[in-house]
Amino acid sequence: MTGSTPEQDTDRPRHPRDTPASDHPHGQDPAPDRPHDLVGIGIGPFNLSLAALAHGVPGGLSTAFYEQRPAFHWHPGLLIDGATLQVPFLADLVTLADPASPWTFLNYLKSRERLFPFYFAEKFHIHRAEYDAYCRWASERLPGLHFGHQVDSVRWNPERRLFEVDYTQLDPDGETEALGRTYTRNVVLGVGTEPYVPEPLRPLADAPGVPVVHSADYLAHRETLLAAGHVTVVGSGQSGAEIFLDLLRARPAGAEGIHWLTRTEAFAPMEYSKLGLEHFTPDYTRYFHALPEQVRDGLVPRQWQLHKGIDDATITAIHDELYRHTLHGGWPDAVLTPGVRVRTAGRVATTRVELHLEHVQQNARTRLTTDAVVLATGYRERPLERLLTGLDPYVRHDSAGRPRVDEHYRLVLDPSVTGAVHVQNAERHTHGVGAPDLGLAAWRSATILNAITGKEPYPLPRRTAFTSFGLEAREAPGIPAQGRKLTPLVQH
């Protein structure tokens, strides 16, 4: 599907960004004026999955992927020793769409001569560090990936009927090296999420001195946190639990000096029952997308335990460790308090932090003074406005001002735009809790590639869940309705 520049554009004067940038260790567009079939912005696991599957499309696709960072890294601050993924290894970049792909996790193991050790280890959930290494292996071998390239803007060019993507090539120090522009028929935004810091704690997190760090940067500050007299962990999701456990294991018994608090009413386990996991299937995604906007908006917050709870094995390990600290008598100096929110916060004599807390059920307030704070307060989708300023007149929004996204993960654009802009992990409001889940990565990438090619290089499954979501069977384009039709309910 590689196309050439339209004849009428042959003699068009070039913009400075149309001039090829200098060679870069991760590759450079050989002909920046020739339109791509697909340009991906961001190279996290989801766009890496798309690049891997695009590499296997019969007939080939012209693709380019741009990433500001100098190399692939996946949550480096949370690669805690022993921490595992919460999804099986089959949720790699490609397997659930193309098990025969050369980019599977099993093929990675084979290339490292580790297939037999993995076989005997009997690990269904692999270490996070191993997943990071696997993705980096793929990122170093897939063609068309451009690291050290910051995308500045995306515009629709109605004369060329193409998207213009402007980027800045960065040197190893992150300074501007060259400007570039490329053209494409389709764009896929995979810019990911960013750490979220609650408003009361933002001034403390931005200021030097007492360590107030987001969990995303935990490992970079681990030694400082271990040396602090008292540490407070805020947030009860998986990251907060893993950090609390790591601190508990590393700090001396009897002088642990850790306080773990959360707004949720309990340190609750993640919903991990087999039928509960069917909320992370294509069947549920299609069902959720077909719901009215108001219903979707009310549903997502109530489903927090599907993706914000704690893995049961981690909860067990925490309890086991707390129990171990009691073996010689006494209780560990570790306090776990759910149902608490941080109202305000401030510094005490520039060396400590004072958290003003409120217990909602007791309607009680108190203060907690601590030497360091770890904010396991989650992530938020990166705003797309800066990148899409040039497309704003064409983008259709819902009643809350969010971009509308169709069933193929395309932004709903003005009909005059003949190209498509797809999104990855920016569509929770339209596709549900599975948006950030690694288990749906390959299926979503296959859906996007099927839409872009207008063919079916990756046949999608007809049915993926035993649960029938809703009373009306909804048919997605290209996917037959699942199972037998339900018999309508009749009132007597």
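Colleague: Where does Leu96 lie?

Modeller: Leu96 lies in the loop that runs between strand S2 (63-67) and helix H2 (105-111). Keep in mind that the model is predicted.

Colleague: What makes Leu90, Leu96 and Phe124 a nonpolar surface patch?

Modeller: Patch residues need over 30% relative accessible area and no salt bridge, and nonpolar side chains are joined within 5 Å. Leu90, Leu96 and Phe124 are grouped on that basis, and together they make a patch of about 270 Å².

Colleague: What share of the chain counts as buried?

Modeller: Of the 492 residues, 50% do. The chain exposes about 24,300 Å², and carbon and sulfur atoms supply 53% of that area.

Colleague: What is in the largest nonpolar core?

Modeller: The largest core has 48 residues, and Leu48, Tyr131 and Leu449 have the most contacts inside it. Two or more residues come from each of helix H1 (45-54), H2, helix H4 (128-139), strand S3 (145-147) and helix H13 (441-453). A second core of 25 residues, including Val151, Leu387, Leu388 and Ala426, is separate.

Colleague: Which residues is Leu48 in contact with, leaving aside neighbours within four places in sequence?

Modeller: Contact requires heavy atoms within 4.5 Å. By that test, the partners of Leu48 include Ile43, Phe72, Leu93, Cys135 and Leu145.

Colleague: How do you know that Glu293 and Arg402 form a salt bridge?

Modeller: The test is a side-chain nitrogen of Lys or Arg within 4 Å of a carboxyl oxygen of Asp or Glu. For Glu293 and Arg402 the closest N and O atoms are 3.5 Å apart, and the pair is a salt bridge. The two residues sit in distant parts of the chain: Glu293 in helix H9 (residues 293-302), and Arg402 in the loop between helix H11 (385-388) and strand S18 (420-423), 109 residues apart.

Colleague: What parts of the chain do Asp371 and Arg352 tie together?

Modeller: Asp371 is in the loop between strand S15 (364-370) and strand S16 (372-375), and Arg352 is in strand S14 (residues 352-359), so the pair ties together parts that are 19 residues apart in sequence. The N to O distance in their salt bridge is 2.9 Å. At 18%, Asp371 counts as buried, while Arg352, at 29%, counts as partly exposed.

Colleague: What makes Asp406 and Arg410 a salt bridge?

Modeller: The limit is 4 Å, and their side chains meet at 2.8 Å, N to O. Asp406 is at 16%, so Asp406 is buried. Arg410 is at 25%, so Arg410 counts as partly exposed.

Colleague: How many salt bridges does the structure hold?

Modeller: The structure holds 24. Elsewhere, salt bridges link Arg155, Glu164, Asp166 and Arg181 in a network.

Terms used
Residues numbered from 1 in each chain as written. Predicted model: local features only at pLDDT ≥ 70, side-chain atom pairs only at ≥ 80, totals over all residues. Heavy atoms only, no water. Patch = residues over 30% accessible without salt bridge, like charges linked within 9 Å, V, L, I, M, F, W, Y side chains within 5 Å. Areas by Shrake-Rupley, 256 points an atom, 1.4 Å probe, with all protein chains shown as cover. Helix = DSSP H or I, 4+ residues; strand = E, 2+ residues; numbered from the N terminus. Core = buried A, V, L, I, M, F, W, Y, C linked by side-chain atoms within 4.5 Å. Buried < 20%, exposed > 50% of the residue type's maximum accessible area, 1.4 Å probe, protein only.
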